[in-house]
Amino acid sequence: MFLRANAGESLSGTVIIEQDPKYPFRVLETKPRIGTEITAKTFEKQIGNVKSYILTVENLRKYPGRYYDVVVLRIDSPIKPDIQISVYGQILDPPKKIQ
């Protein structure tokens, strides 16, 4: 996931995680690995016949620069206990005001 905006603007991104019906799972916990630049939350949603999870990541950074974090979804699968989503962020200088 790549987030990009000017400093001072609100910024978020969404990812849909669809389950394979053969390998169902439940998301037990959602959290950024570092967590200083982003917040993350998930909620369950039925899309057609498939149970899915909507992951929303929100930027916290207020000043220009780049950052990287990983959102870890801890799930109840014995095969793979977590899903990792890379998040890259870029906050740009605010546009200059023309007088």
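A search of the whole structure, which is a predicted model, finds 2 aromatic pairs.

Take F25 and Y53. Their rings form a stacked pair. The centres lie 5.9 Å apart, with 20° between the planes. Now place the two residues. F25 sits in the loop between β2 (12-18) and β3 (27-32), while Y53 belongs to strand β5 (residues 50-59). The pair therefore ties together parts that are 28 residues apart in sequence. Are these two residues buried or exposed? F25 is buried, at a relative accessible area of 10%. Y53 is buried too, at 4%. Buried means under 20% relative accessible area, so both values qualify.

Turn to Y68 and Y88. Their ring centres are 4.9 Å apart. The planes meet at 45°, so this pair is tilted. Y68 lies in strand β6 (residues 65-75) and Y88 in strand β7 (residues 82-92). This pair therefore links parts that are 20 residues apart in sequence. Y68 has a relative accessible area of 41%, which makes it partly exposed. Y88 also counts as partly exposed, at 41% relative accessibility. The band for that label runs between the buried limit of 20% and the exposed limit of 50%.

Now step back to the whole chain. What elements build it? The protein chain has 7 strands and 0 helices. From the N terminus on, the order is β-β-β-β-β-β-β. How spread out is the chain? Its radius of gyration is 16 Å. The globule rule gives 13 Å for 99 residues, and 16 Å is well over that, so the chain is more spread out than a compact globule. The box filled by the C-alpha atoms is roughly 60 × 30 × 15 Å along the principal axes.

Next come the contacts. Consider those between residues at least 6 apart in sequence. Of these, 61% join residues at least 24 apart. The F25 and Y53 pair, with its parts 28 residues apart in sequence, is one link between separate stretches of the chain.

Burial and surface complete the picture. Buried residues make up 36% of the 99 residues; F25 and Y53 are among them. The chain exposes about 6,800 Å². Carbon and sulfur atoms supply 52% of that area.

Last, the charges. The protein chain carries 15 positive and 11 negative charges. Their mean positions are 3 Å apart.

Methods. Residues are numbered from 1 along each chain as its sequence is written. This is a predicted model: local features need pLDDT of at least 70, side-chain atom pairs count only at pLDDT 80 or more; totals for chains, interfaces and linings use all residues. Side-chain values use heavy atoms; hydrogens and water are left out. Helices (H or I, at least four residues) and strands (E, at least two) are DSSP runs, numbered from the N terminus. The radius of gyration is taken over C-alpha atoms; the globule rule is 2.2 Å times the number of residues to the power 0.38. Buried means under 20% relative accessible area, exposed over 50%, partly exposed in between (1.4 Å probe, protein chains only). Contact means heavy atoms within 4.5 Å. Accessible areas come from the Shrake-Rupley method with a 1.4 Å probe; for residues, only the protein chains shown count as cover. Lys and Arg count as positive and Asp and Glu as negative; His and the chain ends are not counted. The place of a charge is taken as NZ of Lys, CZ of Arg, CG of Asp or CD of Glu. Rings of Phe, Tyr and Trp (its six-membered ring) pair if their centres lie within 6.5 Å; planes under 30 degrees apart count as stacked, over 60 as edge-to-face and the rest as tilted.
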